Amino acid sequence: MTTNSLFLVSLLVDGYDRAKAFYCEALGFDCVEDKVMPDGKRWLVVRPKGGEGAAILLAEAADETQRAAIGNQTGGRVGFFLRTDDFARDHARFRDAGVLFREAPRHEPYGTVAVFQDLYGNLWDLIEPAKV
């Protein structure tokens, strides 16, 4: 039996080091890989600390079309969902690190959630799923 899973998504950024600093310092992600490729690009993969599931390939925009998409890869909708096991802890840690939340935390039937934006304006949900 074959098993498939989504393990990596690409996110356009304006610079490798700036993006790596935001995701690894402000959000506390782990840098899984950071290798220079033969063409000068980097294979820069980050993942939420201790997380399972998909990681993010931070891809430096290579041309004007890609640069225009930085921060708007999902057309202004929340496109990324970061699960936490302790909403209050991570919300406070992110705020202390300068992460901009677009709203106050709210309680929904599916969990506690608040929308924040990354360094580029991409929208994320920080969410602690409701206990089943």
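This is a friendly dialogue on reading the features of a predicted model.

Reader: What should I keep in mind before I start?

Author: Because the model is predicted, local features need pLDDT of at least 70 and side-chain atom pairs count only at pLDDT 80 or more, while totals for chains, interfaces and linings use all residues. Residues are numbered from 1 along each chain as its sequence is written, and side-chain values use heavy atoms, with hydrogens and water left out.

Reader: What does UniProt place at residues 5–129?

Author: UniProt positions are given in the numbering used here, with feature names shortened, and annotations may be inferred rather than shown by experiment. In this case the unreviewed entry has the feature "domain: VOC" at residues 5–129. Over that range the chain is 22% helix and 40% strand, and the end C-alpha atoms are 21 Å apart. Helices (H or I, at least four residues) and strands (E, at least two) are DSSP runs, numbered from the N terminus.

Reader: In which sense do strands E2 and E3 pair?

Author: Two strands pair if DSSP finds at least two bridges between them. Here E2 (residues 30–36) and E3 (residues 42–47) are antiparallel, over six bridges. Asp34 stands opposite Leu44 in E3. Five residues lie between the strands of this hairpin, where Gly40 takes a positive phi near 95 degrees.

Reader: Which residues have the most contacts inside the largest nonpolar core?

Author: A nonpolar core is a set of buried Ala, Val, Leu, Ile, Met, Phe, Trp, Tyr and Cys residues joined through side-chain atoms within 4.5 Å. Buried means under 20% relative accessible area, exposed over 50%, and partly exposed in between (1.4 Å probe, protein chains only). In this model the largest core has 27 residues, and Tyr23, Leu58 and Phe116 have the most contacts inside it. Elements giving two or more residues to this core include helix H1 (16–26), strand E4 (55–60) and strand E8 (111–117). H1 gives the most, with five residues.

Reader: What does Phe116 touch?

Author: Contact means heavy atoms within 4.5 Å. Not counting residues up to four places away in sequence, Phe116 touches several residues, among them Leu82, Phe94, Leu100 and Trp124.

Reader: How do I read the two sides of helix H3?

Author: An α-helix has 3.6 residues a turn, so residues three or four places apart point the same way. The buried residues of H3 are Phe87, Asp90, His91 and Phe94. Seen down the axis of H3, these fall within an arc of 100 degrees (taken from the directions from the helix axis to the C-beta atoms), so they line one face of the helix. On the other side, Ala88 and Asp96 are exposed. The cover over the buried residues of H3 includes H1, E5, E8 and E9. Just after H3, Gly98 takes a positive phi of about 90 degrees.

Reader: Is Asn122 buried or exposed?

Author: Asn122, in the loop between E8 and E9, is buried, with a relative accessible area of 1%. Its contacts include Leu11, Phe80 and Phe116, not counting residues up to four places away in sequence. Leu119 is also placed in the loop between E8 and E9, but Leu119 counts as partly exposed at 29% relative accessibility. Leu119 touches Arg18, Ala19 and Phe22, with residues up to four places away in sequence not counted.

Reader: How many disulfides does the structure hold?

Author: A disulfide is a pair of cysteine sulfur atoms within 2.5 Å. The structure holds zero. For Cys24, the nearest cysteine sulfur is that of Cys31, 5.2 Å away. Cys31 is partly exposed, with a relative accessible area of 33%.
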